[in-house]
Amino acid sequence: MPGALSADEIRDFNTRYHDVAAHDYDSKWGIDFGDVGAAQVLAKVRRALGHEPRRYARSLEIGAGTGYFSLNLLRAGMIEQATCSDISEGMLATLRENAEHLGLAVRTERVDAEHLPFADESFDVVLGHAVLHHIPDLRRAFAEFARVLAPGGIVLFAGEPSRVGDRLARVPKRAATTLAPLWRLAIRARAARAHDGAHDGGERDAALESFVDVHAFAPGELARAARDAGLEDVRVAGEELVANWFGWANRTLEASARPEDVPWAWRQYAYRGYLLLQDVDRLLFEGRLPAAVFYNLMLSARKSRSSA
Ligand SMILES: C[S@@+](CC[C@H](N)C(=O)[O-])C[C@H]1O[C@@H](n2cnc3c(N)ncnc32)[C@H](O)[C@@H]1O
């Protein structure tokens, strides 16, 4: 974490970086709003909760991005009314386009997770994917999640980098960086230009990527954030081991080349391989190894029914 940054700078960098990233976020991260995406998201929810989800009437997503969680959960019928919040208006604009394309109704609000403009007890579930590690003051954010949650409601977060998992993922990233020139030669791709991946003169903002991630968690830290906010039945699990190594190696290779030079067949191999290895992780490793070794941590907790 870049220690010298203030909380305001972290929020500003996150806003600007994600405003630019929104343009090609879905293709870069292989975000799917079809059956694959719905199955992925439901598997994460099941794993975070430790059981089949029930149906929730009012959901609030924090850092909703382009809609990966909420839109897939609406399609899967797990949530009925979705409020999608994010600090980046660019991400929310892409989310609205995705929702319109899918024929789904959502409410969007540009908000900072630490200051939610919603009434007390107004949601049955507060959820998010890959957002907690961007939030400067996690304690304050969890206090807000607990405040807006109705008694008996749940919080559910997935896709948060674990400290050990993050360290392990550096190995495939480094290996891919070393092998990148050979790989480009093999697929006949030219080296990436400085502005590849940026749009509308957004190179400078795209360069903020290294400043937007401010935490990688130990499982106990995530659990403590929920308990300190008064939440109960706290559960932390891990997901993605070999799928993640494969994914990071491929993304590192791809980022070294001009996007237009990366063949479609390679992208298919990378995407299908990742999905296959997600199944391998689920079958062989998740639930058997300690949460800390996985790349992603997931958390669920409940607000007491008697806290009204
Ligand atoms: C890695 S993206 C994940 C997006 C989406 N949840 C997904 O999984 O595809 C992180 C998102 O969190 C948002 N974000 C970052 N800091 C935030 C904050 N302080 N409050 C609310 N959202 C924030 C970013 O704008 C971005 O859309």
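## Salt bridges in the model

The model is a predicted one. Across the whole structure, a search finds 23 salt bridges. Three of these pairs are described here in turn.

## A pair within helix 1

Arginine 11 and aspartate 8 form a salt bridge through their side chains, with an N to O distance of 3.1 Å. Both residues belong to helix 1, which covers residues 7-21. They stand three residues apart, or about one turn of the helix.

Aspartate 8 counts as exposed because its relative accessibility is 56%, and exposed means over 50%. The pair also takes part in a network of salt bridges that links Asp8, Arg11, Asp112 and Glu114.

## Pairs that involve helix 10

A salt bridge also joins aspartate 228 and arginine 139, whose closest N and O atoms are 3.2 Å apart. This pair links distant parts of the chain: aspartate 228 is in helix 10 (residues 219-228), arginine 139 is in helix 6 (residues 138-148), and 89 residues separate them. Aspartate 228 is partly exposed, at a relative accessible area of 44%, while arginine 139 is exposed, at 59%.

Arginine 163 and glutamate 221 form a further salt bridge, with a distance of 2.6 Å from N to O. Arginine 163 counts as partly exposed, with 33% relative accessibility. Glutamate 221 is likewise partly exposed, at 27%.

## The surroundings of the ligand

There are 20 residues around the ligand, and those that come nearest are Gly63, Asp86, Asp112, Ala113 and His129.

In glycine 63, a backbone N or O atom is 2.8 Å from a ligand nitrogen atom; in isoleucine 87, a backbone N or O atom is 3.4 Å from a nitrogen atom of the ligand. The side chain of histidine 129 has an N or O atom 2.6 Å from an oxygen atom of the ligand. On its own the ligand has 600 Å² of accessible area, and the protein covers 96% of it.

Key: Residues numbered from 1 in each chain as written. Predicted model: local features only at pLDDT ≥ 70, side-chain atom pairs only at ≥ 80, totals over all residues. Heavy atoms only, no water. Salt bridge = Lys/Arg side-chain N within 4 Å of Asp/Glu carboxyl O. Helix = DSSP H or I, 4+ residues; strand = E, 2+ residues; numbered from the N terminus. Buried < 20%, exposed > 50% of the residue type's maximum accessible area, 1.4 Å probe, protein only. Near = heavy atom within 4 Å. Polar contact = N/O pair within 3.5 Å; in protein donor to acceptor, adjacent residues only side chain to side chain. Areas by Shrake-Rupley, 256 points an atom, 1.4 Å probe, with all protein chains shown as cover.
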